[in-house]
Amino acid sequence: MKKEFIITVFSENHIGLLTRITIVFTRRKINIESLTVSESAIAGVYKFTIVVHCSEEQTIKIVGQIEKSVDVLKAFYHTNDQMIYQEIALYKVNTEALYESNKIENIIRNSGARILEITKEYTVIEKTGHKEETQALFNELNQFKVTQFIRSGRVALTRDPIERLSEFLKERDTFLEQLD
Amino acid sequence: MTARKITGSEAVILSLLEEGVDTIFGYPGGAIMPIYDALYDYDQKVKHILTRHEQGAVHAAEGYAKVTGRAGVCFATSGPGATNLITGIADAMIDSVPLVCITGQVTSPLLGTDAFQESDVVGISMPVTKWNFQITAPEEIPRAIAQAFYISQSGRPGPVLLDITKDAQFGEFDFNYKKCRKIRSYVPETPVDPHKVAEAAKIINEAKRPLIFCGQGVIISNAEEEFKALAEKAGIPVAWTLLGLSAFPSEHPLNVGMLGMHGNYGPNLLTNEADVIIAVGMRFDDRVTGKVSAYAKNAKIIHLEIDPAEINKIIKADVAVLGDAKKSLKLLVENIQENSHDKWVKRFKECDKVENEKVIDKDLFPTKPGLTMGEVVRIVSEKTNHEAILVTDVGQQQMIASRYFKFKHSKSNVTSGGLGTMGFGLPASMGAQIGAPGRAVVAVIGDGGFQMTLQELGTIWQNKLPIKIIILNNNFLGMVRQWQQLFFEKRYSFTELHNPDFIAIGKGFGIEGHKVEKRDGLESGIQKMLDHDGPYLLEVVIEKEDNVFPMVPAGASVSDIILEP
């Protein structure tokens, strides 16, 4: 059964690694729903958060193939309910619409969004949340015509009490020391 | 080692020497000229084989790697030189062949400007390399080369590519070489888990109809002795994959033959009766398994494998023993009881009888006038005392040679398995001969594949490589024709070849040879070839519609193997 999975990849910071990772998906004709890359809490270690829609079996195989990559330290996969995750969305509307009634103001209040910038011409609104939430806000605001809209890739943390990567790196270092 | 200032190009050569490289296969060109210039001063220390095409260089490097177990090295220039390597790199990737490919690249300020002979080689080769890296400064060279050798040869081996810009080749720096022994993000092999071995041993000890599969992993990890000990101690029959061929002696009483589409009758049929399958260093390719949902349904699968991504990829393992085959086999042999399965082994012998009657006798000792591929292979194997290195191309001749050639020594079979690269045979035989200079190398090639890379006859002649080349000529792209006959109502769409005079071509390259068309000239012709001092080209005209059987039709279960059309 297909559903949404979050694949987390920890890697060294090497040029071209993003391509090497995405090739694993392209080759199997699997679409990446969203992708976020940033440095992790551990200096020099980069974290990829990839959202895919496929079967668990396929996800396991993808994770195995990604881990084969020489520059990848470790890859995990989780279901949505195993992680705390957010996406951020920005919406631009014409400022005029805000003056016409208090509707937009109410929408912003009720949805927990906030205004980032107001100019004479436009207003930029920001909301973080799950895709359904940022999408719902888009639909509401779009009554007043959203002139620009952007949603980020997902950022996600596990519900584990410990950071699995630090444990992993400790184990890896001990293992490598044995090789000396 | 004390540092001294040298160019990046000289550093490339010195680094290769540090890694014990004795042979480089390559082809020069603009962007790699500084490295070739540095090589000029080291021609006494390292041999360079100038091929006639970069594809020839990379297949030769594969042949070298397969017979030596060490990484094959090849050089090519940027752009077309590098892209010509790609087929061989893809071949090495799917067949786990260690290669270090070094390509020249345009000078770094020109990267991304569509400069002359610029192509994005790192990008192009990424899906088909184990690792690749672009070097833009001379200081990066020693470390990158050390990593390249470590990565390509450790764990599950594979090809790596280093793309070196011309300015990095010219630049000077303090050279200092240190071999690479570890990389934080890369663990080439997992230590063997004794609990898993014990679990596997228990299953093996209780097995009634166990069967061992010998994959290339046995050869790569030099585990031939441990593997044989497992089979002999537990008395279990051994079947092999195409790439596992030569790891286990052909004449061993427990050798029951080849797995897969054109493998032997017994191991295919009885895969579905076995109660335990011990798969060592193999990946359950679709040509081995046939229809996966009807594969080995009665068997518990024990999978000994170095690559974690292969576990459960195609066939679910009941027990997976991760790690190097030599280490896991050694431990497994200690854990199993002595046993025998004579009745079960006899089942294979009964299958052999059926296969002999229906297929093998006709292939090896034909009574009809047309020459068969099988009889040629049989005679060559006998006359070389089953001690030659066999190099095959791809197609019918490959399947027939793999079925009928016999082996006493490991690392003696060189073929393109996973990728099925036509044109592989002739260049690969050069690398095999250079890697094993004292041994007889026989290249069995079809008329189609030969014409894909025949320019390498020039390399063979120039380097006086005493390869015995046999063209099995049926004037067809035989395997495709066979499929057209069986599955496309004999619609022979573009498979017939009007061939040139191969012997004249050989002579043009300075290579002796002759053509055999009738059975009475076959034995003496083969003898003449083998006795010849130097390279020799023997063309044997084969029955046009000679087919390879048995066959597991595509998509069928292995137990639905057919013995005749």
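**Figure 1. The open sheet of chain A in the predicted model.** Four strands of chain A lie in the order E2-E3-E1-E4 and pair in the antiparallel sense. Strand E2 (32-39) and strand E4 (72-79) of chain A stand at the edges; each has a single partner strand, so one side of each is left without a neighbour in the sheet. On average, neighbouring strands of this sheet are turned by 15 degrees against each other, direction ignored. Strands of a sheet pair through backbone hydrogen bonds, and the pairing is either parallel or antiparallel.

**Figure 2. Strands E1 and E3 of chain A, with helix H1.** Eleven bridges join strand E1 (residues 2-12) of chain A to strand E3 (residues 45-55) of chain A, in the antiparallel sense. At A:Glu4, the bridge partner in E3(A) is A:His53. Helix H1 (residues 17-27) of chain A packs on the sheet and touches E1, E2 and E3 of chain A. The direction of helix H1 makes about 155 degrees with that of E2(A).

**Figure 3. The contact between chain A and chain B.** Chain A contributes 19 residues to the contact, and chain B contributes 17 residues. On the side of chain B that touches chain A, ten residues are nonpolar, five are charged and two are polar.

**Figure 4. The fold of chain B.** Chain B contains 23 helices and 20 strands. Its radius of gyration is 24 Å, close to the 24 Å given by the globule rule for 565 residues, so chain B is as compact as a globular protein of that length. Along the principal axes, the C-alpha atoms of chain B fill a box of roughly 70 × 60 × 40 Å. Of the 565 residues in chain B, 57% are buried. Among contacts in chain B between residues at least 6 apart in sequence, 78% join residues at least 24 apart.

How values were computed
Residues numbered from 1 in each chain as written. Chains lettered and ligands numbered in written order. Predicted model: local features only at pLDDT ≥ 70, side-chain atom pairs only at ≥ 80, totals over all residues. Pairing = 2+ DSSP bridges. Helix = DSSP H or I, 4+ residues; strand = E, 2+ residues; numbered from the N terminus. Axes fitted to C-alpha atoms, helices over the stretch in contact; angles between N-to-C directions. Contact = placed C-beta atoms within 7 Å. Nonpolar A, V, L, I, M, F, W, Y, C, P; charged D, E, K, R; others polar. Rg over C-alpha atoms; globule rule 2.2 N^0.38 Å. Buried ≥ 20, exposed ≤ 12 C-beta atoms within 10 Å, placed from the backbone.
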